[in-house]
Amino acid sequence: MSVLTWKSGAILAMCLFYLIYFFFPFPALFYVLSGFCLAVYFSSVLNVKGVARFITLTLFLLALLINWNTKDAPFEIGLEGIQQNLPLLALISLVPMLSIPLKAGGYFHSIKHFMRKWEDQPRLAFFGLSSFLALISPILNMGSVKIVHEMVDKLRINPMILGKSYLIGFTSSMLWSPYFASVAIVLHEVGGRFNQYIVLGMAVALLQLIIGNLLFLRSSKKLYGNGKRGKEDLTGEVEDDQVHRGNLLKILCMLVVMIFSLLILEHVTRISMLTLVSLIAVFVPLLWAAVLNQWKVLATEFEGYLRKISHMDHEITLFLSAGLFGLAIRNTVFADQLQSFLMGFAEQSLLLFVLIIFLVVLFFAFIGVHQIVVIPILASQVSASSVGMSPEFLALIFIMSWSITAVLCPLNAINIIVSNCLERNGFTIGFRWNGTYVMSLVSILIVALTVYGLF
């Protein structure tokens, strides 16, 4: 068995054991699951280099040291800690399976069809790209950017259009989609419920898309492609428009059905949203294959899925070590001081409190510490009632901080993906191309908080 196959199997087994243990929490399964987590962690950390390896090992060792000196049962607390972020890791590991029906069904070809028609029209190209990404990112997460870029890479679309639309479309999904760690982990930490948050998150995400497209109108005249395409390229496309629109409508319907299913299941079962999303990610491809008798296609696409999750070393090590560290510092002097620090600003001014959160997250992001490490620690130390707001509104503040720093920081995964696709510097993509957009979002957030504070 190759290393690639072993690692993929271990990651998948770890996620499936988590789902089993969620419903059947037997002590024996707890230790089996802990063993899988440790095996996957240490096999992944060998492939992590540079700052990421330093951070994850530092968090891991500090957690062990804190547990040893402050906890009565350091071994058991350590095993519990290594599983702390497993629901999130299962989510990002299993959600890519949802792309299997979309790829096999030819839906991505429909996106490419429209982009070929709009490549010489900057405004339509920008609107199309940002909207398409906002449509498929809630399901496909960061894989959506790579998929869309593969479709438009050969087209004559200005790189600035791509850089702006990719980040604006993608980060809008970060504000509301339950398939994103940003939404799942923050709601989990602040005690918010997704069925009460989704309207707020989607409203801000829609506003974000509108702002991005309005800002683009000011600079669109200078961003035409390198030339016009011959009329022969359009032959046969007009009569296909209806078919391709139908495919896009199917994607939208699939997303709506999945979201409503999650809302209903969360309300009826009271099961964690993280667990429900992971379960849907497993059962939707199986249901698709069973209904359409596409088992061979499923098997072929599943091989590609296994190859994809075998390269998740950074996510695996950061999630597991951050969970271990986060549990270790609970009820410690450090946690008390952090809480006092944040609440001190909250008592002075709600706006100051929000700006401090944003600056802290941005600072750590720029030195290589991912939001998955910083934001859960901050969110776990703040009570929504103590700052005078609902858990859902507090969650929105943390989630917006996550998405904004993802745009600006050249070390963030989505910024790295976009910069690699476009062969541009991360600072150019984050600050030069999207700086005005980020400042607009921050300004709107400040206005919203000011109005919120008046009532």
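Is Val243 buried or exposed? In this predicted model, in which residues are numbered from 1 along each chain as its sequence is written, local features need pLDDT of at least 70, side-chain atom pairs count only at pLDDT 80 or more, and totals for chains, interfaces and linings use all residues. Side-chain values use heavy atoms, with hydrogens and water left out.

Val243 is exposed, with a relative accessible area of 52%; exposed means over 50%, buried under 20% and partly exposed in between (1.4 Å probe, protein chains only). The residue lies in helix 13, where helices (H or I, at least four residues) are DSSP runs numbered from the N terminus. Val243 is 133 residues from Ser110 in sequence, and the C-alpha atoms of the two are 8.2 Å apart in space.

The axes of helix 7 and helix 13 (residues 241–269) come within 9 Å and cross at roughly 125 degrees. Axes are lines fitted to C-alpha atoms, for helices over the stretch in contact, and angles run from 0 to 180 degrees between N-to-C directions. Helix 7 is therefore oblique to helix 13, as angles under 35 degrees count as roughly parallel, over 145 as roughly antiparallel, 65 to 115 as roughly perpendicular and the rest as oblique. The crossing is left-handed, that is, the near helix is turned anticlockwise from the far one by less than a right angle. Ala, Val, Leu, Ile, Met, Phe, Trp, Tyr, Cys and Pro count as nonpolar, Asp, Glu, Lys and Arg as charged, and the others, Gly among them, as polar.

Helix 7 (residues 107–118) also packs with helix 8 (residues 122–140), at an angle of about 165 degrees and with the axes 9 Å apart. That makes the two helices roughly antiparallel. Their crossing is left-handed. The contact of helix 7 with helix 8 has 11 nonpolar, 1 polar and no charged residues.

Helix 11 (residues 181–190) has 8 of its 10 residues buried, so this helix is largely enclosed by the rest of the structure. Among the buried residues are Ala181, Ile185 and Val190. Just after helix 11, Gly191 takes a positive phi of about 80 degrees.
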